[in-house]
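User: I would like to learn how to read the features of a structural model, one kind at a time. Could you take me through some of them?

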Amino acid sequence: MTASPAPAALTARAQEVSSQIVEDILTLVRHETGSYDLPGLASGLDLLRELTVRRLGVPDHEERHPGGECGDTLTLTYGGTGAGHVALVGHYDTVWPTGTLAGWEQPAAAEDGREKVSGPGIFDMKTGLAQGIWALKLARESGAALPTVTFLFNGDEEIGSLSSRPVIEAVAQKVDVTLVLEPSAHGAVKTARKGTGIFHVTATGVESHAGLAPQDGASAITALSEFVVAAAKVAAPDKGTTINTGLFKGGSAINVVAGQATAGVDIRVSSAAEQARVDEELDAIEVSDPRVRIDIDHAWNRPPMTLNAASAPLLHLAREVAREQGRDGLRDTAVGGASDANFVAALGLPVLCGMGAVGDGAHAQGEFIYPDTVPAQTALVAGLLGRLAEPLRG
């Protein structure tokens, strides 16, 4: 087994450079990269590459994969001194539209006086990006044998990774281990995530004058409302299945029986069996007016993620590294949100998610990190890299 970084020295060094890591985090946050702002995403990825090169040097291999209507995906590979190969995956797009930063307010300190730092995308997930870069830098400085590391930065995770998914899956199949730099769950790593569906439902009815001939019309809005109520009853929270209609629009004028209506439905499931059940039961919903046609686009975006057999040894190793670094009991947890780790887990490959920030408020005004956790989180990833110079074994 190759020598790994001395835990105490690695943690101490992370503490020494903590202010520099936080400044890199803020550099990324100050450049807004909303998922639909292609120019902002392009320049934001340039900035992220520049920051990586500044800290780690020019990569041995890099490739920029065009995203089309989405942000590009960038892979940067740094050769190691060991036989292992690790992917560090993170997205640089955020849910916040350009211009949000101007009106952003810093939150008050926590009740215990603990400092918070806030900004659009700081928790989800620009802190993880900076910590991942610094983790490799610190692991290198330790002198330990290290695996080859491939960074994968994608700009469309928040809208389903539509362009980057094939790249993520291809990289995951070439490496031994994938670590996803998404925010932690209050310090816990994420080993299970729900699968997600983004369904688009269209009701097509018959238009007519609402005053002169209402009987000639078949309201798409009424029918779709019936569908939405029935769909909500398909949810099974006790099985981890939730169904939320978040968008609803239709009609052409207030005095016209609506000829068309559409709804956007968010679905979360914890198992493939529930996914199949939801598909079947939604298709079976009938509305009261047979003249209205209901069309459902079953768009399952991410499969459910569970702690597969390949990932269990990786979790054990992460706990071992954390314990050596003085962290008592690294927890793992299941969460309702999805990430790019779902794709990797579905392939049966070793992956851990939630290796990034400690804080709270993802997708909410005031999302924040605790800057005093940055050294420990960075050291954890650095320590793991030092133990993965050889392929992970169960």
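Analyst: Let us begin with contacts: a contact means heavy atoms within 4.5 Å. Please keep in mind throughout that this is a predicted model.

User: Which residues of helix α2 meet which residues of helix α10?

Analyst: On the α2 side they are S18, I21, V22 and I25, and on the α10 side V374, P375 and T378. Sorted by class, this contact of α2 with α10 has five nonpolar residues, two polar ones and no charged residues.

User: At what angle do the axes of α2 and α10 cross?

Analyst: The axes of α2, residues 18-30, and α10, residues 374-387, cross at roughly 90° and come within 9 Å. Since angles of 65 to 115 degrees count as roughly perpendicular, that makes α2 roughly perpendicular to α10.

User: Next, the sheet. In what order do the six strands of the open sheet lie?

Analyst: As a general idea, strands of a sheet pair through backbone hydrogen bonds, either parallel or antiparallel. Here the six strands form an open sheet in the order β1-β2-β5-β3-β6-β16, with mixed pairing. The edges are β1 (61-65) and β16 (351-352), each of which has a single partner strand, so one side of each is left without a neighbour in the sheet. The strands β1 and β2 run antiparallel and are joined by five bridges, and H65 has T73 in β2 as its bridge partner. Helix α5 packs on this sheet, where it touches β1, β2, β3, β5 and β6, and its direction makes about 170° with that of β5.

User: Is T75 buried or exposed, and which residues is T75 in contact with?

Analyst: Buried means under 20% relative accessible area, so T75, with a value of 8%, is buried. T75 belongs to strand β2, residues 71-78. Apart from neighbours within four places in sequence, the contacts of T75 include H61, E62, E63 and H65, as well as F151, L152 and V167.

User: What should I look for in the backbone itself?

Analyst: Most residues other than glycine have a negative phi, and most peptide bonds are trans. Against that background, S161 has a positive phi of about 55° although it is not a glycine, and H363 likewise is not a glycine but has a positive phi of about 65°. S161 sits in the loop between β5 and α5 and is buried, at 1% relative accessible area. H363, by contrast, is found in the loop between β17 and β18 and counts as partly exposed, at 45% relative accessibility. The peptide bond from D124 to M125 is cis, with omega near 0°, and M125 lies in helix α4, residues 122-141.

User: Finally, how many aromatic pairs are there, and why is the pair of F199 and W300 edge-to-face?

Analyst: Rings pair if their centres lie within 6.5 Å, and planes over 60 degrees apart count as edge-to-face; by this rule there are five aromatic pairs. The ring centres of F199 and W300 are 5.1 Å apart and their planes stand at 80°, so this pair is edge-to-face. Because F199 lies in strand β8 and W300 in strand β14, the pair ties together parts that are 101 residues apart in sequence. Both F199 and W300 are buried. F368 and Y370 also form an edge-to-face pair, with 5.1 Å centre to centre and 80° between the planes; F368 is buried at 10% relative accessibility, as is Y370 at 16%.

Key
Residues are numbered from 1 along each chain as its sequence is written. This is a predicted model: local features need pLDDT of at least 70, side-chain atom pairs count only at pLDDT 80 or more; totals for chains, interfaces and linings use all residues. Side-chain values use heavy atoms; hydrogens and water are left out. Axes are lines fitted to C-alpha atoms, for helices over the stretch in contact, and angles run from 0 to 180 degrees between N-to-C directions. Helices (H or I, at least four residues) and strands (E, at least two) are DSSP runs, numbered from the N terminus. Angles under 35 degrees count as roughly parallel, over 145 as roughly antiparallel, 65 to 115 as roughly perpendicular and the rest as oblique. Ala, Val, Leu, Ile, Met, Phe, Trp, Tyr, Cys and Pro count as nonpolar, Asp, Glu, Lys and Arg as charged, and the others, Gly among them, as polar. Buried means under 20% relative accessible area, exposed over 50%, partly exposed in between (1.4 Å probe, protein chains only). Two strands pair if DSSP finds at least two bridges between them. Rings of Phe, Tyr and Trp (its six-membered ring) pair if their centres lie within 6.5 Å; planes under 30 degrees apart count as stacked, over 60 as edge-to-face and the rest as tilted.
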